[in-house]
Amino acid sequence: MVDEREGEVATEDLNASFNRKPLAQRTAIVAAGPIFNLLFAIFLYWLMFMNGVPGSRPILGEVVSGTVAAAAGVVEGDEILTVNGSQTPTWQAVVEAVLPLMMLGEEAELTLQRGDASLQALLVADFNGGEMKPEEVAQRVGLQPYRINIPAVIEAVAIDSSAARAGLQSGDQVLAIDGETIYAWEDLVTRVQAAPGHPLLFSLRRGEELLSLEVRPL
């Protein structure tokens, strides 16, 4: 921007110099940037409102006994429609509504869809959530999303990987690791990620044959 306060300005450009413009024009120039940013933000939020935000439906997965959710009577397959009257169209909305209430020791009233019926359930925090980490509170509450159980069958084994060196092959189904039953692919991933560099005993089914192989994840 041409401005005599910032440096020398050529004679032919003096008429365009910012410092020689009327106050109204200088104000409009300075305000143009922030106003555009504000309008652009409004436009983006309007697009989000019109098109929606991706998110998974808040359908409950397994409800572990001894948790707040189990005590409230919710069951696997329930869909959470509202929390304390506020709509929760996605799983993220449920987490953002329930977790703060539980950490404050307050109640959360859920409206659930169970088949064709609509019913209520009350989550009552019986612990001091303020002294716990959010992930610990979430575990005590016991709400978790529904997941499709994918069998723990190995589709392919990368060349020169720890799995290849251990003798794993495409088509192997992992039945257990160190004696702990593996029900789904998610169980396999969780178990392996928890033991980097440690040997794990895989119990496998390969066709009609049962095998045991030691695998050391990197």
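User: Which residues touch the most other members of the largest nonpolar core?

Analyst: In this predicted model, V98, M102, L123 and L143 do, out of the 23 residues in that core. Helix α3 (91–103) is among the elements that give two or more residues to it, and α3 has the largest share, six residues.

User: What is V98 in contact with, leaving aside its neighbours within four places in sequence?

Analyst: V83, L110, L123, V141 and L143. Contact here means heavy atoms within 4.5 Å.

User: Okay, on to the aromatic rings. Why is the pair F36 and F40 called stacked?

Analyst: Check the distance, then the angle. Ring centres have to lie within 6.5 Å, and planes under 30 degrees apart count as stacked. F36 and F40 are 6.0 Å centre to centre with 5° between the planes, so the pair is stacked. Both lie in helix α1, four residues apart, about one turn of the helix.

User: What makes the pair F43 and W46 stacked?

Analyst: Their ring centres are 6.2 Å apart and their planes are at 25°, so this pair is stacked too. F43 and W46 are three residues apart in helix α1.

User: How do you know whether F36 is buried or exposed?

Analyst: Exposed means over 50% relative accessible area. F36 has 53%, so F36 is exposed.

User: And why is F40 called partly exposed?

Analyst: F40 has 42%. Buried means under 20% and exposed over 50%, with partly exposed in between, so F40 is partly exposed.

User: Which residues make the nonpolar surface patch of about 810 Å²?

Analyst: F36, F40, F43, L44, W46, F49 and M50. L44, for one, is in helix α1.

How values were computed. Residues numbered from 1 in each chain as written. Predicted model: local features only at pLDDT ≥ 70, side-chain atom pairs only at ≥ 80, totals over all residues. Heavy atoms only, no water. Patch = residues over 30% accessible without salt bridge, like charges linked within 9 Å, V, L, I, M, F, W, Y side chains within 5 Å. Areas by Shrake-Rupley, 256 points an atom, 1.4 Å probe, with all protein chains shown as cover. Salt bridge = Lys/Arg side-chain N within 4 Å of Asp/Glu carboxyl O. Core = buried A, V, L, I, M, F, W, Y, C linked by side-chain atoms within 4.5 Å. Buried < 20%, exposed > 50% of the residue type's maximum accessible area, 1.4 Å probe, protein only. Phe/Tyr/Trp six-rings, centres within 6.5 Å; stacked < 30°, edge-to-face > 60°.
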